[in-house]
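Please read the points below beside the sequence and the model.

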Amino acid sequence: MILAALGELVVERSGVLNLGVEGIMSIGAVAGFAAAHHSGSATLGALAGLAGGAAMALVFGFLALTLAANQVASGLALSIFGVGLSGFLGKPYESVALAPVPTLPVPFLTDIPILGPALFNQQGLVYLSWASLAGVVWFLYRSRAGLALRAVGESPASAHAIGYPVIRIRYLATLFGGAMGGLAGAFISVFYTPVWAEGMVAGRGWIALALVVFATWRPLRVLAGAYLFGGMMIAQLFVQGSGAQVEIPSQLLSSLPYWATIVVLVAISRDLNTIRLNSPAALGQPYRPDN
Amino acid sequence: MLPRLEARAEPSTAMRYASPLLAVALTLVGGLILFATLGKNPVDGFRVFFVSPLKDAYGIAELLLKATPLMLIALGLAVGFRANVWNIGAEGQFIIGAIAGGGVALQFDGSASPLLLPSMIVAGAIGGALWASIPALLRTRFNANEILVSLMLVYIAQLFVSWLVHGPWKDPEGFNFPQTKMFSDAAILPVLVEGTRLNAGFLLALAVLLAGYVFMHRSFMGFTMRVAGESDAAARYAGFSAQRTIWAGMLAGGAMAGIAGMEEVAGPMGQLTEHVSNNYGFAAIIVAFVGRLHPFGIFLASLLMALLYLGGEQAQQYMNLPSSISKVFQGMLLFFLLGADVFVNYRLRWTTASS
Amino acid sequence: MLRSARETNGALKPRLELVGIRKVYPGVVANDGIDLTVMPGEIHAVLGENGAGKSTLMKVIYGVTPPSAGTMIWEGDPVVPANPAHARALGIGMVFQQFSLFETLTVVENVALAVPGVSDLGTLSRRIVAVSERYGLPVDPRRLVHALSVGERQRVEIIRCLLQAPKLLIMDEPTSVLTPQSVDKLFATLRQLAHEGCSMLYISHKLDEIQELCHTATVLRAGKVTGTCVPSRETPKTMARMMIGTDLPVPRHGAPIVGGEVRLRLSGLSHPSADPLGVDLKDIHLDVHSGEVVGIAGISGNGQKELLLAVSGEALLASKHPMQMMGIDAGRMRPGRRRRLGLGFVPEERLGRGAVPRMTLAENALLTAHRHAMVKRGLIVVEAAAAFARNCIERFSVACSGVQAEARSLSGGNLQKFIVGREILQQPKLLVVAQPTWGVDVGSAAFIRQALIDLRTSGAAILVISEELDELFEICDRIAVIANGRLSPAKRTADTNVEEIGVFMSGMWPGLPPDYEATHAA
C-alpha cells in the first residue's frame with residue numbers, strides 16, 4: 001500500500017488525479033500472480049505486476065493526457081475495467097497457490113532485540129517500499145526534475161510558458177504511479193497472500209487514494225498512514241483469529257478499515273487551509289497547450 | 001502526414017450524439033478482437049453475446065428486467081453528475097435499499113396488505129438515501145471527498161449484508177445457505193407479462209425517467225444544479241446554494257439506487273442474498289455517461305448495458321468464458337466513450353510533419 | 001551627452017525581424033501579416049487595444065505557440081522557436097502579464113525552474129541578490145511566492161529573465177500591477193538595460209507610458225499592423241487614432257445628484273479571507289449613495305476580490321452589522337436576498353462566474369434575473385427568459401446569433417455588454433461592478449461606461465472596482481483606494497489627482513496606523 005500510495009502521490013503532485021489505482025492494483029495482482037505461477041519466480045511476478053500497472057497507466061494517460069478527457073471519469077473507467085479484466089484473466093488461476101516467498105533477513109540487523117526481527121526480517125518488496133520512499137522524498141524535494149514536477153502540478157500553464165513539456169512530465173508521473181500500483185498489486189497476490197482470488201485487492205486502491213489525502217501530499221506521512229492502516233487490518237484479523245472471546249461478527253470487523261478511512265478523510269479534509277497549501281493547485285485539471 | 005488534434009471553434013452537436021454510437025461500435029470491434037485472441041470464432045462470439053439473448057419474447061423481457069435497475073440508478077446518478085456531485089457508491093446504496101425493502105418484507109411476513117409493496121419501495125428509497133446522506137453530510141460539513149467516502153461505504157454495505165444473511169436474517173430452513181427466507185406473495189412485484197420475469201418495477205423506472213426529464217430540463221432546481229455542474233463560481237455568484245446541490249445530487253442517486261435494490265429483492269430474487277448487487281451500481285455509472293446524462297439516452301444505454309449482462313451470461317454458458325467478460329466490455333465501452341468525446345470539442349487534422 | 005542606443009547601433013543588423021507573421025486560431029485570425037524590426041538596445045513598443053493581437057504575437061516570438069505562417073529572423077538567421085526553452089536559449093526573455101510563477105514554491109525555486117544548469121540553490125540565491133542589487137529590484141530569494149506583493153512578483157519575473165542575460169526582453173503590460181511611482185522606478189531599470197544593449201518589446205495600451213519610454217512603436221489593430229511611428233514625435237491623439245481607427249470617445253456626464261440616500265454602508269468591515277493565500281479585509285468604512293458612482297482603485301491582490309465576495313454575499317461576514325444595504329443589516333444575508341433588496345453585481349470573471357460558458361444567453365438571463373417572472377411553481381418559463389435575453393441583446397447592442405447563442409461564443413466586449421445589461425435591466429438600486437471594461441474593445445468599453453453613468457444619473461448607487469485609474473477618473477464621482485485589505489477615505493474626483501491616488505495605492509494615506517484603529521474607535 002505504501003507503494004501504491006507513493007506512486008499516486010507523485011502522480012497527483014504533477015496535477016493528475018488517477019482514480020484508477022484500484023484497477024491498476026488488480027491488474028498488477030493478476031499479472032504478478034500469473035507470471036510468478038508460470039515462472040516460479042517471485043521477482044518475475046513483481047516485474048510483471050509493475051509492467052501490468054504501467055500498461056494500465058498508459059491507457060489512462062492516453063485518455064486523460066493526450067485526449068484531455070475528464071480525469072475523474074477516466075480513472076473510474078480504469079478501475080471498473082481493471083477489476084473486470086483481472087477477474088476475467090485470473091479465472092484460470094483461482095484455487096492455485098504459490099509457494100510463500102521467504103523473508104530476506106538483513107544480516108546483523110535482525111539481531112537487534114525486538115525491533116530487529118520486526119523490521120529486518122521482511123520480504124524483499126518491503127525493503128523496496130522503504131527505498132522508494134526515500135527515493136521519492138529525494139526526488140520531490142532535492143532534484144531538479146522533482147521541482148519541475150511540482151511546478152507542473154501547481155500551474156501547468158505557467159510551466160508550459162517557461163518551457164516545460166507538461167504532458168510529457170505528467171505522462172512520466174502517471175507511468176511511475178501505474179508501475180508502483182502494479183507492484184503493490186503483485187505484492188498482495190504474490191508475497192502477502194500467495195493466492196489469487198477475484199476482487200482480492202478489495203478497495204486497497206481506494207484506500208491508497210485516501211492515504212494521499214491523509215498524508216496531505218507529503219511522502220513521509222504516507223508511511224505513517226500506511227502502517228496505521230496496515231496495523232488496523234492486522235489487528236482486525238488478529239481479533240478474528242483469536243476466536244470466541246469477542247462476540248463481534250467477522251464481517252463487521254472486516255469493515256473497520258473502511259470506516260477508519262472515512263474517519264481519517266473527514267479529520268484531514270475539514271482543515272481547508274492545510275489542504276489548500278499542500279495540495280497541488282492544478283489537481284484534476286486537464287491541460288492542453290494551444291497550438 | 002500526422003494526425004493532430006485541433007480545437008473546434010464551436011463544439012460539434014453532431015459529435016455529441018455520435019460519440020456514444022462510435023463508442024458502441026468500437027466496443028463491438030474490441031469484442032471481436034477479444035474473441036479472436038481467445039481462440040473463439042468472433043462471429044460465433046458475437047452471435048452468442050449480442051444476438052442470442054434477444055431471440056424470443058422471454059429474452060426481451062429479461063433484457064428489460066435487467067435494464068430496470070440500471071435505468072433507475074443511472075438517472076439518479078445523472079442528477080448528481082450534472083452538478084459535479086460524484087456519487088460513486090450507488091452499489092452500496094443499492095444494497096442498503098435492498099436490505100431496507102427486504103427488512104420490511106420480512107417484518108410483515110405473511111401480510112397480504114396492498115400497502116406492503118409501496119411501503120417497501122419507500123423503505124428502499126429511504127435506505128438508499130440514508131446511505132448516500134453519509135457522504136453528503138461529510139462533504140458539506142467537513143469537505144471530505146464524496147468519491148472516496150461513497151466508495152468505502154460500498155465495501156461496508158457488502159460486508160453488512162453478508163453479515164445479515166450469514167447471521168441474524170438467515171433462513172432457518174435454508175439448509176444453512178447465506179440467504180433470507182423467500183418473501184411472501186404480497187411482497188413480490190407483480191409480473192407484467194405472463195411467463196416472463198418482467199415486473200411492475202419496469203413501469204416505475206419509466207415513470208422515474210419521465211420525472212427525471214422534467215426535473216433536469218424544466219425545473220428551476222434542475223437548472224441551478226446544471227449551473228453548479230458547469231461552473232461553481234457562477235452558481236455561487238447567482239446565489240445558488242452549493243450545499244443544497246450536493247444534498248439533492250447525493251440523495252437522488254441514493255434513493256433511486258435504493259429503490260432499484262428493493263426491486264431486485266422483491267422481483268427476480270424474491271429474497272435477500274449476499275450477492276444481491278451484481279455490480280449494477282457501478283455499471284449504472286457507465287450507463288449514465290453513455291446516456292449523456294440525459295433520461296432518454298439513459299434509457300437506450302441501459303438497454304445496451306443489460307444486453308452486455310445477458311451476453312456475459314450466455315458466453316459463460318455456451319462458450320465457457322468467465323462472466324467477468326461483461327465487466328471487460330463495460331470498461332471498454334466507457335474508455336471508448338471518453339476517447340470519442342474528445343471529438344466533440346476537437347477535430348482531427350492531418351498535417352505534414354514539417355509545419 | 002549620451003547618444004541614444006538606437007543611433008549607436010544603427011549600423012548593426014537587427015536583433016529581431018518578423019516578416020508576415022500570421023496566427024490563426026479556430027474561428028479567429030489573431031495575427032495577420034505582421035512585420036516588425038527591433039534593433040539592439042531599442043525599446044520598441046507594441047501598441048494596440050485589447051484583443052488586437054499583441055499577446056498572441058509575443059507568444060509566437062517566445063515559442064509558446066507556433067505561427068501559422070511567416071518568418072522570424074533572429075540576429076540574421078531565420079528561426080522558429082519550438083518552445084520557450086528554445087527561445088530562452090536564443091536570448092529571449094519574457095515577463096508575463098499574468099505571472100508565470102508558482103505560488104507554493106520559493107523565489108529561488110521559481111528562478112531555478114527557468115534557469116538551466118544550476119543545481120545549487122545557494123549559489124543561485126547569491127546570484128539573485130547580486131542582480132537585484134544591480135538593477136534596483138529588491139527581493140528575498142527565500143520567501144514563498146504567495147507571500148509576495150504583486151510588484152515583488154513582477155521583480156522576480158524580471159530577475160528571472162535577467163539571470164539569463166537576455167538580448168531581447170518582452171514586457172507584457174508591466175505597469176498594470178504598479179503604482180504610478182513604481183512605474184518610474186521600473187522605467188529607470190528598463191532604460192539601464194537598454195543602455196547596456198538589451199532590446200525590448202514593450203506591450204501596452206497606455207499611450208503616455210509609451211511616449212515616455214519607447215524609441216519606436218508598432219501599432220496593431222484587429223491583428224494587423226496599422227502603422228509604425230516614433231512616439232516622441234506623435235501626440236496621444238494621433239497614436240490613439242492609429243490604435244482604434246477613430247478618436248477616443250468621451251462619455252456624456254449628467255449632473256451629479258447630491259445628498260442621495262445611503263444604499264451601501266460598510267462600517268468597520270473586517271473579514272479574514274477564506275483562502276490562506278488571500279488578503280484579509282481590515283476595518284473598511286464606506287458609504288455609497290444613490291445617484292453617485294464611487295470607485296475603488298488599487299493594485300490587484302490588495303483585497304478587491306475579498307471585498308467583492310463580501311459585498312455580493314458569496315462570502316458571508318461573521319456578523320450582520322458591519323454592512324448595510326438599502327438600510328438593512330446585510331452582513332449575513334445570502335446573495336439571493338441581497339438581490340431581492342435591489343443589488344446588482346457584475347463580477348470580474350465573465351466566463352465561468354458572470355455567465356455560464358456552455359449555456360445559452362436565455363439560460364444566462366435566468367442565472368440572476370430569475371426573480372422576474374421566469375419561474376412558476378418551480379418550473380422555468382422558457383419564453384420569459386428568452387424575452388428578457390432578447391430585450392437585453394437589443395438594448396445593449398450585443399452582437400450575437402440570438403438568445404440561443406452560447407455565452408462562450410461571444411467576444412469579451414459583447415459578453416460584458418450582455419452581463420452589464422442583464423444586471424441593469426433588473427433596475428438595481430445598488431450596482432457593484434468589477435473591472436467593467438477589462439479586456440473589452442474601446443467601442444464596447446465606451447458603451448458600458450456610458451450605461452453606468454446613465455444608471456447613476458437615473459438614481460442608482462454604483463460601486464466600481466477597477467485597476468484602470470483613467471477609467472475611474474472618467475466615470476466616478478468619488479474615488480477610494482484599497483491597499484493591504486484597508487480602504488482609504490473616498491476623495492471627490494474633482495478634488496484629487498493621479499499622483500495622490502498613486503500615493504494611496506502604495507498603502508499610505510493620512511490618518512492610517514499605527515493608531516488608526518484606536519483613534520477611529522474613539
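1. Two strands count as paired if DSSP finds at least two bridges between them. With that in mind, Ile296(C) stands opposite Ala480(C) in strand E21 of chain C. E21(C) covers residues 478–483, and its pairing with E13(C) is parallel, over 4 bridges.

2. The model is predicted. For the complex, the predictor gives a pTM of 0.84 and an ipTM of 0.83. Chain C has a mean pLDDT of 86, with 94% of its residues at 70 or more. Two stretches of chain C should be read with this in view. Over residues 1–10 of chain C the pLDDT stays under 50, and the model has 14 contacts beyond four places in sequence for them. Residues 515–522 of chain C also have a pLDDT below 50, with 2 contacts in the model beyond near neighbours in sequence.

3. Chain C contains 23 strands and 18 helices. Its radius of gyration is 24 Å, close to the 24 Å that the globule rule gives for 522 residues, so chain C is as compact as a globular protein of that length. Along the principal axes, the C-alpha atoms of chain C fill a box of roughly 75 × 55 × 45 Å. Of the 522 residues in chain C, 50% are buried. Among contacts in chain C with a separation of 6 or more, 67% are between residues 24 or more positions apart.

4. How many residues of strand E13 of chain C are buried? The count is 5 of the 5 in residues 293–297, so E13(C) is largely enclosed by the rest of the structure. In a regular strand the side chains alternate between the two faces of the sheet. Both faces of E13(C) are covered: one side has Val293(C), Gly295(C) and Ala297(C), the other has Val294(C) and Ile296(C), and all are buried.

5. In chain A, helix H10 spans residues 204–214 and is mostly covered, with 11 of its 11 residues buried. The buried residues of H10(A) include Arg204(A), Trp206(A) and Phe214(A). Just after H10(A), Thr216(A) takes a positive phi of about 40°.

6. Between chains B and A, 37 residues of chain B are in contact with 39 residues of chain A. On the chain B side, the elements giving two or more residues are helices H5 (116–142), H6 (146–166), H11 (280–290) and H13 (325–345). H13(B) gives the most, with 12 residues. By class, this side of chain B has 27 nonpolar, 8 polar and 2 charged residues.

7. The contact between chains A and C takes 17 residues from chain A and 21 residues from chain C. On the chain A side, helices H7 (144–154), H8 (156–161) and H14 (272–278) each give two or more residues. Which helix has the largest share of the side of chain A that touches chain C? H7(A) does, with 6 residues. The residues on this side of chain A divide into 7 nonpolar, 5 polar and 5 charged.

Note on methods
Residues numbered from 1 in each chain as written. Chains lettered and ligands numbered in written order. Predicted model: local features only at pLDDT ≥ 70, side-chain atom pairs only at ≥ 80, totals over all residues. Contact = placed C-beta atoms within 7 Å. Nonpolar A, V, L, I, M, F, W, Y, C, P; charged D, E, K, R; others polar. Rg over C-alpha atoms; globule rule 2.2 N^0.38 Å. Buried ≥ 20, exposed ≤ 12 C-beta atoms within 10 Å, placed from the backbone. pLDDT = per-residue confidence, 0-100.
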